[in-house]
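Welcome! Here is a short tour for anyone meeting this structure for the first time. Take a look at the display, then read on.

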Amino acid sequence: MGSNARPNIDMPSHHIDGDMLLAYAAGTLGQAASIVVATHLSYCPHCRCSVLAAEAVGGAFLDDIAPEPLAQGGASRVMDRLENMPAETRKSLTEDTQTIAGTVLPRPVRAWLPQDLSTLNWSWVSPGIKYTEMLKDANGARVGLMLAQANAAISAHGHSGEELTMVLSGGYHDGAVAFRPGDVQSVDENTHHEPKTDDDGACLSLIMISGSINPTGLIARIFRYFTPF
Ligand SMILES: [Zn+2]
């Protein structure tokens, strides 16, 4: 396998929770979270089956959980972004060999980034850790890429709302729990955690934050670039 090839990874060990998959299938999940879900689905046949099952039963689920018109849903917008691109652009992204940290990005991520990845605006948020924002959705949730060097500690932080992290390359540990490519970690406002990247190379991850962030720690510094506290 060449260095530009997408790694042949195992089935992820940490998945999107069932409620979020249902909301994604129903088209009611916010756009930022939908990008994380769509990306995880590109790695995970297990969750793809769950979404297909939810879509297959469609109406029965939608009657219970769809407070918004489907057209407003993040999932449909994510797919629209991919499907409504000019054929030439879509082809160029599909055949794209540009990498970040040696990794070709999955299409649900790639579709939100500029054609030339060398033009990405990275902000250093901590020694060894930089961030580039992909979008802020209508609910105020943000999603972007975080690239951390080996052995980078992400200081303890708290927040209201949810934080979703999905590893694209490399890995990190949160306590004794390992997160590798395709794995998703979801934490809420009751969780204070201190993830640390592994010592065998850089870790590229997709990160989504909903709600406001307590004004301390790394995640606060990341989002201070975009929202004054
Ligand atoms: Zn999964």
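## A residue in a loop

Why does N190 count as exposed? N190 has 6 C-beta neighbours inside 10 Å, and a residue with 12 or fewer is classed as exposed. You will find N190 in the loop between β7 (184-187) and β8 (196-197). From N190 to G161 the C-alpha to C-alpha distance is 9.3 Å, while the two are 29 residues apart in sequence. Keep in mind that this is a predicted model.

## The chain as a whole

Stepping back, the chain holds eight helices and nine strands. Of its 229 residues, 35% are buried. Looking at contacts between residues at least 6 apart in sequence, 72% link residues at least 24 apart.

## A mostly covered helix

Helix α1 spans residues 18-26 and is mostly covered, with seven of its nine residues buried. Those buried residues are M20, L21, L22, A23, Y24, A25 and A26. After α1 comes G27, which has a positive phi near 80 degrees.

A101 is not a glycine, yet its phi is positive, at about 50 degrees. This residue lies in the loop between α6 (87-94) and α7 (107-110). A101 counts as partly exposed because it has 17 C-beta neighbours inside 10 Å.

N151, also a residue other than glycine, has a positive phi near 60 degrees. Its place is the loop between β3 (142-148) and β4 (163-169). With 13 other C-beta atoms within 10 Å, N151 is partly exposed.

Key
Residues are numbered from 1 along each chain as its sequence is written. This is a predicted model: local features need pLDDT of at least 70, side-chain atom pairs count only at pLDDT 80 or more; totals for chains, interfaces and linings use all residues. Helices (H or I, at least four residues) and strands (E, at least two) are DSSP runs, numbered from the N terminus. A residue is buried if 20 or more other C-beta atoms lie within 10 Å of its own, exposed if 12 or fewer, and partly exposed in between; C-beta atoms are placed from the backbone. Two residues are in contact if their C-beta atoms, placed from the backbone, lie within 7 Å.
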